[in-house]
Structure formats: structure tokens, C-alpha cells
Amino acid sequence: MPVDLFTDHTPDSAPPGARRSMEAVTQRLGYLPAPVGRLAEAPEVLDGFLRLSGLFEASTLDPLAREVVIMTIATRNACHVCVAMHTGKLAALDADGELIAALREQHTLPDERLDTVRTFTLAVMDGAGAVRDEVFDAFLERGFTRRNALEVVLGVGAYTLSTFANRMTRAPLDDRLAPFAWSG
């Protein structure tokens, strides 16, 4: 697939259905990320991802647990731009450097509770939702709930959409994310 198959849209060049979402992202972040410009090619995909990720952000999982879900999916699906974006988000959350490194390297996490989230997320992905009882029990024993389990499924759905679309469009890494580049 040629690199330039997808357009780096601006709100002026994007299909009309994507413009409002692009402007909202720009206002919230202070710039338009390249992946958003490329996803604008399909306004429904862009809007769907933004809605799903917003719902995931509103879930009862704590912010670090949500980022563990996202980084687990991003590294598993080798989405370089996603790993960089969410490494930046983890840094903004003052996450421990050892945690960030373990997520990026797909290793066991130093925090057992968060590693349970990572393991559970992988089990959800590997089993297409059919999680073995012992993995589910371990998730619950760490203080997570059945609601949290379904919220992980929401995160898997949202960020599988994102990682697949970003890989297909070959979304480039924005300059401001260069310090968080990942070569997986």
C-alpha cells in the first residue's frame, strides 16, 4: 500500500462529517494529531473512535488501569503512534518509569494489581472475550469488578479500532510525540 494512500486532512480538506470532531480534538489538545487527520477520511470511523474512547475514559477503571489496557493493546497490535501517544499520557499521569518501560517492552508489570489488568486484557483479546475462570477470578481478587471486566472489553473494542486504523493509514508520529517514539 503506498504511503500516501491516505490524506493528512485538515478541517478544511476533510469530508464535512469529520470537521466538527477534528475541531473538537484540536481545541482539546491544542493541535490536530496526524492520526485524526487520516481517520477523517471516514467520518464515521473517526467519530466512532472518539465516542468509544470517551466512554472508556468515563468508565470506573482508574486512569492508570485504563492506560494499562490501552498500552497492552497498542503494543500487542504494534501501533507505533498509539504507543507513543499513550506513553506521553502515562508520563503526564506521573506514572513510574519502570511501569512505562514494562508496558512498552510487553513485560510483567512491577505493580501486581496493574499487571492483573494487563493479563486480563491479553486474555480478553486471546479468547475473543472468553476468559478462563482462573484469570477472571484473579482479576476479581485484585479488587476489580464484573463491571470493570466489561469496561476492559470496551477498551479493547475502542483501541483495537484505533490501532488497526492507525496501522492501515500508516499514521505518522507527530513531532511533539518524538520523545516517546517506539520501535516495538
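**Pocket lining and aromatic contacts in a predicted model**

A42 is situated in the loop that runs between α2 and α3, where helices (H or I, at least four residues) and strands (E, at least two) are DSSP runs numbered from the N terminus. The structure is a predicted model, in which local features need pLDDT of at least 70 and side-chain atom pairs count only at pLDDT 80 or more, whereas totals for chains, interfaces and linings use all residues. Residues are numbered from 1 along each chain as its sequence is written, and side-chain values use heavy atoms, with hydrogens and water left out. With a relative accessible area of 26%, A42 is partly exposed; buried denotes under 20% relative accessible area, exposed over 50%, and partly exposed the range in between (1.4 Å probe, protein chains only). A distance of 27 Å separates the C-alpha atoms of A42 and S183, which lie 141 residues apart along the chain.

The largest pocket has a volume of about 610 Å³. A pocket is here an open set of points on a 1 Å grid over the protein atoms alone, where a 1.4 Å probe fits, with protein on both sides within 12 Å along at least five of seven lines; lining residues have an atom within 4 Å of a point. Grid points are joined across faces, edges and corners, and the volume is the space filled by probe spheres set on the points. The lining of the largest pocket comprises 25 residues, of which R28, L29, M85, H86 and K89 are the closest to the centre. At least two lining residues are supplied by each of α1 (16-29), α2 (34-39), α3 (43-57), α4 (63-76), α5 (80-92) and α9 (146-169). By class, the lining consists of 14 nonpolar, six polar and five charged residues (nonpolar: Ala, Val, Leu, Ile, Met, Phe, Trp, Tyr, Cys and Pro; charged: Asp, Glu, Lys and Arg; polar: the others, Gly among them).

Five aromatic pairs are present in the structure; rings of Phe, Tyr and Trp (its six-membered ring) pair if their centres lie within 6.5 Å, and planes under 30 degrees apart count as stacked, over 60 as edge-to-face and the rest as tilted. F49 and Y159 form an edge-to-face pair, at 5.4 Å centre to centre and 85° between the planes. This pair links helix α3, which holds F49, with helix α9, which holds Y159, across 110 residues. F49 and Y159 are both buried. The ring centres of F120 and F136 are 5.6 Å apart and the planes stand at 75°, so this pair is also edge-to-face.
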